[in-house]
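Open the model in your viewer and keep the selection panel at hand.

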Amino acid sequence: MNDITPKGRAGEDGLIPVAGGWERGEGRLIRSVDPSDGSTVAEFHSASVEQVDRSVRAGLERVEDPGWRDLLPHQRARHLSRVADLLEERAETIAALQSSDTGKTLGESRALVASAAGTFRYFAAVLETEEGLLTPARGPYLSMSVHEPIGVVGAITPWNSPIASDAQKVAPALAAGNAVVLKPAEVAPLTALELARAVNDAGVPPELVSVVPGSGSVVGDALVRHPLVGKVALTGGTTTGQRIGEVAAQKVMPVSMELGGKSPTVVFEDADIEQALAGVLYGVFSSSGQSCVAGSRVFVHESIHDTFVERLCAAAERLRIGPGSDPATQVAPMVSFAHRDHVASMVDAAVAEGARVRTGGAVPAEGPLAQGAYYPPTVIDGVANSARICQEEIFGPVAVVLPFGSEKDLVEQANDSVYGLACGLWTADYRRAWRVARRIHAGTVWVNTYKQLSVSTPFGGTKLSGLGREKGRSGLLAYTRQKSVYLGLDENPLPWAGDALT
Ligand code: NAD
């Protein structure tokens, strides 16, 4: 068993960053398990509700300390750039830790660490270029609008891309001048601790980032309900978002939410089939399907449906399944055995409802794959879009293929979902792509590509897929409050009091 930090950092195992220091968690025991073989990666105690409280209070105090509050933008940006440098220097260690914590391939973990570093660098740059607004006056005054920190932000993240999701919240929140109390997912908390370490080592006052691992219902809930937390930024499931939204309504507190999806990928009859196949495979099977934007509903024009499904299944069967540590692996295990069982149960339920499994669809029963939380790439057809398997998020390597006829039929089926996160369109006709892209309910539409994400481009969902946008220049403003200031320029008193002054 490893200690919770990379080997060689003796004496620090079991410690979490709380209220400016590293201390032992006072909550229940958390065991991080490597899903490729069931071995224990780390054991430590989650944070207690009291540690959440102290983290919030220490964060708020530090945010108001002039030593940090009055830093000029370029000075604060320098700290964020240093965090990016440290993440890059420590990339191999953090990537390895994340892979054993989540089962991800090392290649994917490396890319996520690079993305986290890029996010810090990007928000350092945005911070340096951020401008207030001088508004047109209607009297003898200067009127302006400025952005100020909210105070303490509660950041709550899932397990599927931990270091990148954490950075996506911590970087803009710090850039905007806030403190952050970060609650990572219970099953994958290790990289959040490394992120806090990099922030500390970059010279950011340690009270500004606490990490409180633990369950959502105890630790997460305490964070959301804390009266001094001024905003919650969540990435997670829709049900979690709805629960947090109810608390936020009582507190009249802003929230941003990146939630679930059931994204349509559409293959028109004129698509470049090789490109579409590669895009569909990557869209739904990369990250073992544990991706909010997974293209899990594959709509194929009826004229090419049967041949496309055959080729998709043949390619899915050739994907290499294995541990994240093997550089050849394309489909790594699910994050946990419990999640693997959940994916399997959803496929079994679909079969019971009449769905046809065209490939995959069963937990490996023998050989080395039987030791880990593996689920094979699975293609299903023979169901209508109204079936549960087409309406509910699976978060695993399962694609449901559906035929469509006209463009109208396609748009109706694609939009017949409670979600609206992403969409992929494969076609040679850019007029059609533009037309359909504008009619689909989704926060992001990819045309002839899939799952490409830039930190400069706003990201988020519509309908039950979320509220607000992360990334992009506006991503910084999401962690601020707007304040209007009027500077009177008149040499004379305001006229209303008139004679009363004499
Ligand atoms: P989850 O909703 O179970 O948990 C997400 C986080 O919320 C965890 O840290 C959890 O402990 C916490 N949480 C749960 N209940 C809480 C409560 N009542 N109060 C406070 N915190 C609470 O999701 P998960 O299983 O960790 O992740 C998978 C989900 O995340 C999927 O639905 C996926 O689509 C979604 N996701 C969305 C995006 C996006 O950008 N839209 C990105 C990644 C994942």
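**Stop one: H5 and H6**

H5 passes H6 in a right-handed crossing; right-handed means that the near helix is turned clockwise from the far one by less than a right angle, and left-handed means anticlockwise. This is a predicted model, where local features need pLDDT of at least 70, side-chain atom pairs need 80 or more, and totals for chains, interfaces and linings use all residues. Numbering starts from 1 along each chain as its sequence is written, and side-chain values use heavy atoms, without hydrogens or water.

Select residues 106-129 for H5 and 162-175 for H6. Helices are DSSP runs of H or I with at least four residues, numbered from the N terminus. The two axes come within 8 Å and cross at roughly 15°. Axes are lines fitted to C-alpha atoms over the stretch in contact, with angles from 0 to 180 degrees between N-to-C directions. The crossing angle therefore makes H5 roughly parallel to H6 (under 35 degrees).

Now show side chains. On H5, the contact (heavy atoms within 4.5 Å) includes Leu-112, Phe-120 and Phe-123. On H6, Ile-163, Gln-168 and Leu-174 are among the partners. By class, this contact has 14 nonpolar, three polar and no charged residues. Here Ala, Val, Leu, Ile, Met, Phe, Trp, Tyr, Cys and Pro count as nonpolar, Asp, Glu, Lys and Arg as charged, and the others, Gly among them, as polar.

**Stop two: H1 and H8**

Select residues 49-63 (H1) and 216-225 (H8). Their axes come within 9 Å and cross at roughly 30°. That makes H1 roughly parallel to H8. The crossing is right-handed. Val-49, Val-52 and Val-56 of H1 meet Val-218, Val-219, Ala-222 and Leu-223 of H8. The contact has seven nonpolar residues, no polar and no charged.

Note on methods:
Helix = DSSP H or I, 4+ residues; strand = E, 2+ residues; numbered from the N terminus. Parallel < 35°, antiparallel > 145°, perpendicular 65-115°, else oblique.
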